[in-house]
Amino acid sequence: MPVPSTPAARPAALPPFRITRIEAAPLFGESPKGGWSAEIRPDDSIHAIIAVHTDQGVTGYGSSFTDGRLVQAGLKVLEPLFLGEDALSPEFVSEKLHQNTFWMGRGGTLTHTISGIDIALWDILGQATGLSVGRLLGGSYRRRVQPYCSLLMEEPAVMRDVIASYREKGFTAFKIGWGPFGRALDTRLDEAIVRAAREGAGDKAKLFVDAGASDAQWPHGFKWAKRTAEMLAQFDVGWFEEPVRPDAIDDYWELRRCSPVPIAGCEVITRRQAFIPWLTRGAIDIVQPDVTKVGGISEQRRIAWMADDFGVKYIGHGWNTALGLAADLQMASAFPSADLVEFIGGSPYVDGILAEPFVLDPEGWLTIPDLPGLGVTIDREKLGRYTPDVRPLFA
């Protein structure tokens with residue numbers, strides 16, 4: 001008779017990591033331009049860093065894409081719901097926050113705040129288990145991913161030089177958006193900008209165009225978008241992003257069927273439920289939820305898998321901070337179609353707050369950290385340049 005093997009020793013069960021407090025730090029001073037009609041000023045707060053503290057001495061970090069002062073107010077509202085909860089249960093905690101604040105609306109400040117909390121909870125779960133968030137999500141589709149350098153539209157001569165400068169830094173994919181494109185009501189200028197970008201990027205680089213039609217009082221509709229899509233095809237543009245207003249689902253549906261380039265959108269939509277009609281209607285080729293707005297990793301992963309079931313490509317919108325990019329990198333390892341991540345060109349909130357900044361490899365790609373949690377570490381001194389008081393994030 002075979003001798004029974006001795007069972008392997010089981011690791012001790014993890015105790016609960018009770019949430020003791022959550023802090024937010026608004027970022028000020030170096031907010032990058034957005035190309036919006038009401039332009040962002042450097043001292044505007046459009047991003048916040050969130051820290052979730054636990055009774056086990058482990059702190060997780062996340063990011064929210066909204067005014068940090070709104071996040072601080074949102075935390076006061078959510079505090080009775082998260083205090084004492086186990087940080088090792090990110091989906092449970094986040095869903096509790098969503099479900100019990102329904103009467104304040106799905107979306108806006110509370111959803112953006114929950115997004116940062118949720119990212120931080122996954123960071124804690126990774127630190128506690130010794131696994132990266134990507135592995136916790138069950139994925140290992142890739143260990144590195146191509147970043148596309150996200151840049152504002154400029155006048156043609158400037159656009160060419162800006163793109164070329166980032167090409168020299170090693171980027172091999174680019175997205176240009178907002179600025180004068182469409183807003184100047186000059187189709188010849190639109191085409192000249194795209195031509196200049198293609199010249200600056202080179203023939204082999206990937207190039208994407210973002211009209212930014214979620215901007216205030218976007219002046220165009222379906223016919224402009226159709227004509228523009230046909231122009232973009234001449235320059236081998238990989239996708240046309242936000243070509244019509246964000247709620248014009250019928251126009252998106254019609255445009256997807258006649259456009260020679262793929263149609264991308266949905267960055268302003270939050271919560272997984274709101275994505276259902278876009279996917280069931282077949283309104284987009286590429287869905288772009290933003291992990292720092294949509295509800296965090298817990299929501300983003302559900303949207304990504306739902307999109308995959310409908311044959312829609314998932315590429316996260318990532319116009320945020322280094323922590324948002326870190327979350328997108330982990331997500332990219334966990335989903336088959338997520339072969340690109342957005343990287344804001346020249347933002348100190350991406351390049352200037354980590355102990356070890358992101359570095360392109362010789363082929364212009366980013367390695368996905370295979371370290372516990374998000375796999376990145378905030379530099380306290382660097383972050384202190386952009387927020388009045390970093391102490392609550394680390395104390």
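**Close-up views of a predicted model**

**View 1. Packing of helix 2 against helix 10.** Helix 2 (residues 90–99) and helix 10 (residues 297–309) pack with their axes 9 Å apart and at an angle of about 95°, where axes are lines fitted to C-alpha atoms, for helices over the stretch in contact, and angles run from 0 to 180 degrees between N-to-C directions; helices (H or I, at least four residues) and strands (E, at least two) are DSSP runs, numbered from the N terminus. Helix 2 and helix 10 are therefore roughly perpendicular to each other (65 to 115 degrees; angles under 35 degrees count as roughly parallel). P90, E91, E95 and H98 of helix 2 make the contact with S298, E299, R301 and R302 of helix 10, contact meaning heavy atoms within 4.5 Å. This is a predicted model, in which local features need pLDDT of at least 70, side-chain atom pairs count only at pLDDT 80 or more, and totals for chains, interfaces and linings use all residues. Residues are numbered from 1 along each chain as its sequence is written, and side-chain values use heavy atoms, with hydrogens and water left out.

**View 2. Packing of helix 7 against helix 8.** The axes of helix 7 (residues 222–233) and helix 8 (residues 249–258) come within 10 Å and cross at roughly 25°, which makes helix 7 roughly parallel to helix 8. In this pair, F222, A225 and K226 of helix 7 meet D251, E254, L255 and C258 of helix 8. The residues of this contact comprise four nonpolar, no polar and three charged (Ala, Val, Leu, Ile, Met, Phe, Trp, Tyr, Cys and Pro count as nonpolar, Asp, Glu, Lys and Arg as charged, and the others, Gly among them, as polar).

Notes
Angles under 35 degrees count as roughly parallel, over 145 as roughly antiparallel, 65 to 115 as roughly perpendicular and the rest as oblique.
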